[in-house]
2 protein chains.
Amino acid sequence: MILLQGLAKGPERLQDDSRSPVDQRPNIVLIVADDHGREAVGCYGNTAIRTPHIDQLAADGVRFSNAFCTAASCSPSRSVVLTGIHNHANGMYGLEHQIHHFRSFDTVHALPVRLEQAGYRTARIGKLHVAPESVYRFQRVLGAGKVNDPASIGRSPVEMARGCYEFMTEEPAKPFFLYFATDDPHRSNTIAPDGSPIFDGTKPNLFGNRPGGYPQVGDHFYQPREVSVPAYLPDNRASRMELAQYYEAISRLDQGVGRLVEYLKETGQYDNTLIVYLSDNGAPFPGAKTNLYEPGMRLPCIVKLPGQHKRGFVQEAMISWVDLMPTLLDFAGVDVNTITTHGRSFRSIVEQASVTGWDDVYASHSLHEVTMYYPMRVLRERRYKLIFNIAHELTYPMALDLYQSFTWQNGLKKGEIRYGKRTVAAYLHRPRFELYDILADPDEVRNLATDPKYREVLTRMQAKLKQFQKQTQDPWVSKWEFE
Amino acid sequence: MILLQGLAKGPERLQDDSRSPVDQRPNIVLIVADDHGREAVGCYGNTAIRTPHIDQLAADGVRFSNAFCTAASCSPSRSVVLTGIHNHANGMYGLEHQIHHFRSFDTVHALPVRLEQAGYRTARIGKLHVAPESVYRFQRVLGAGKVNDPASIGRSPVEMARGCYEFMTEEPAKPFFLYFATDDPHRSNTIAPDGSPIFDGTKPNLFGNRPGGYPQVGDHFYQPREVSVPAYLPDNRASRMELAQYYEAISRLDQGVGRLVEYLKETGQYDNTLIVYLSDNGAPFPGAKTNLYEPGMRLPCIVKLPGQHKRGFVQEAMISWVDLMPTLLDFAGVDVNTITTHGRSFRSIVEQASVTGWDDVYASHSLHEVTMYYPMRVLRERRYKLIFNIAHELTYPMALDLYQSFTWQNGLKKGEIRYGKRTVAAYLHRPRFELYDILADPDEVRNLATDPKYREVLTRMQAKLKQFQKQTQDPWVSKWEFE
């Protein structure tokens, strides 16, 4: 932090005197994993998985224990990370690719553009999955590969790290922003390019794992018996076989993180680089991804500061992905009062113990696939959580890859009535409001919304949620009145 | 038609010999009205409204009595008119403007681009309401004004016609394509630019009518008592007051059509110009627009041929807006076998009596506003009509302008149980399948889908509809299986 104090007015100085010899603002590396659930990281308490490099980052920096995405779907969540604006107000209501085709408004100002304006060199590698390119413009696109492209470099995180080496070192006088977004540990595509099904629910998905592995990635195989099955999943052969594959993809990803850090150290840039590790949404299993239950939205978030003081600190402040853009811009010396955002910078509290004023987050999910309309709005406080299922009359829609998963199909075929801690019926048919006491009921199975004892809590939180929707220009706020 | 016979291979000849002195292919004028219901046109049997110029066009040409849009929403419907592809496959799933932000895929080939490739000069005036501009590219954009822009020329159809004069005459050696899209007779905006409500449901909307009128437009005022109230609307003071305003907007639009025709005659181009008059969807009242009931989808369509033989002919073939692009390209001499479309050219049958093979149409509506998810798929045969309400569990969503209409609010305030021929409850809560015998029950109020006597009809039509969805790559085809 000391390093930065003198640069609080950095960008203005830079504009006044663009010939200043060396810009000492920190580099920023933002690592975004794809579907990496919080329950599958060593430093978050999973003793079965091997993620030594991510754990080391947490040991060097700060691990956030209450970090949340705001939409449990890839494109919407990433749009929030990169704009600081909820998806319902930035236009990225659902997935970007193929037929889904959602796009942010042309008027949105995204993080890489702002950092470029502030004098940063910007580059991205791996998955983008937001559009249009003109809004989410990076100066450089490293590596190759598109969403759902089998040739994507996004499945080979060590190669990705290698693909960044030149960019990280070529112009040392200027700080850089590197957006490093892996395809791991997303499920492998379930449909082959010719349209034939690869995974039809009769065997585990491979999560990008392939015979022979990937360049310079060490093998991490897991046995179904050794994985740790989270409470939201049924504990059986199918889920364990899939989790074993999932873990393998995460350990591959972990090695990419390790290589990236190694390069930063090797080139003497590690100390002056802000590194953020997070995931777009929870694990790619029914019950997590696309849901705003805790496994879908409470995520890993590790922040290694430039000039880190407290190593291995655990920060309990509640933050969400709308806070990232203002925070990163704050580190880059941009006056955050000048930017439009639904979040706020948490820069000043990263290493602070007993933080106050960071005790709630909001989430807003609209669609995933274009056919999966299921808008949900959430207010998550420390104790209570309110979920407003706006289209609750609909059967909860399943993403194609999750529907086809071995884990789900296995239960379907056996006619299982339960799925994890819930019944299948309760999972598919949800009430308009769900209210949970997260402390007493961390698995969110006892809905208190209809319990008269909680009427006051419900009313208070409903008013607060509606106010949030109004303040953030949520088009769905009309649904409180119309129906 | 004779004129055209020798030009059947027109475009190829043109490419072979670009110095051919005069291209004799017909000009094409496509007039698209905004929310003009079939029941509010003189030549379609309304004796209360005055539409002499539109009626004259029908008298000079052919009036289609079974013409249908495929989506009862502005942007999706226009996207179909201009691409020949159902909105569920061209990406324009809902409205284009502001927060709704739907866009067609970049890979779509739209009519103006194809006609330009075939050697036509292309221009548009008035409302576009589809995107991106690069897909729907016209060489020239005449006049001014955007969707919902009070300064739009789209509200002043005579001015619009004047704005086209130069384009129509400036390069006589080359045929032109003019896309003439009025804002009339759409409702006036209900929200002022400052966000305050203009029409709050306590008085009739003005449908663009204003004190002092528009340049060179003669006054056509209507008394509430003289309008003809269609069966789908309640007959009361509120609906009559709104219909009177609606009629006035239509008579204004009619004068724009008249002026355009006048210019074509004056410059000797009328005989060699193909003129098509149609509407994007039905009238802007609950019960029509956004619905795939007949008032929403069965629309005016008048075709005045180049070299017309049969004047005042009524064509009973069933056509839909997916057929327009192939038909217009056919008239332009493009080999329609080379284009991708869900429709087919009706060029050869325009003047033909007792046509066979044109006995069904399909419709596909997905959203209107982004918050109005209500996908419907329809098979309309001569006798029976099947509606598949994919998200039928939801309350039927109301467009903001229709919800705020005097007609609707009046019934709401009075606690009316009925709305036109239906109950309000039936209008808002629809079953998964609706099957109507259109001949016996033209108002679509007796649902036969649960009647065992019609099981065979239902099953046959369901199979046919599903097949249509598969063939046209409808993302919502999955809803037959998942739920």
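Predicted model: local features only at pLDDT ≥ 70, side-chain atom pairs only at ≥ 80, totals over all residues.
This report walks through some strands of chains A and B and how they pair.

**Strand S5 of chain A**

Strand S5(A) covers residues 176–181 and is mostly covered, with 6 of its 6 residues buried. In a regular strand, side chains alternate between the two faces of the sheet. On one side of S5(A) you will find Phe176(A), Leu178(A) and Phe180(A), and on the other Phe177(A), Tyr179(A) and Ala181(A); all are buried, leaving both faces covered.

Two strands of chain A join S5(A). Strand S1 of chain A, residues 27–33, runs parallel to S5(A), and here Leu30(A) stands opposite Tyr179(A). Strand S3 of chain A, residues 121–126, also pairs with S5(A) in the parallel sense. In that pairing you can look for Gly126(A), whose bridge partner in S5(A) is Ala181(A).

**An open sheet in chain B**

Chain B holds an open sheet of 3 strands in the order S8-S3-S11, with mixed pairing. Its edge strands are S8 (298–299) and S11 (319–320) of chain B, each pairing on one side only. Strand S3 of chain B, residues 67–68, pairs with S8(B) in the antiparallel sense. To find this spot, look for Phe68(B), which stands opposite Arg298(B) in S8(B).

**The pairings side by side**

| Strands | Sense | Bridges |
|---|---|---|
| S1(A) and S5(A) | parallel | 5 bridges |
| S3(A) and S5(A) | parallel | 6 bridges |
| S3(B) and S8(B) | antiparallel | 2 bridges |

How values were computed: Residues numbered from 1 in each chain as written. Chains lettered and ligands numbered in written order. Heavy atoms only, no water. Buried < 20%, exposed > 50% of the residue type's maximum accessible area, 1.4 Å probe, protein only. Helix = DSSP H or I, 4+ residues; strand = E, 2+ residues; numbered from the N terminus. Pairing = 2+ DSSP bridges.
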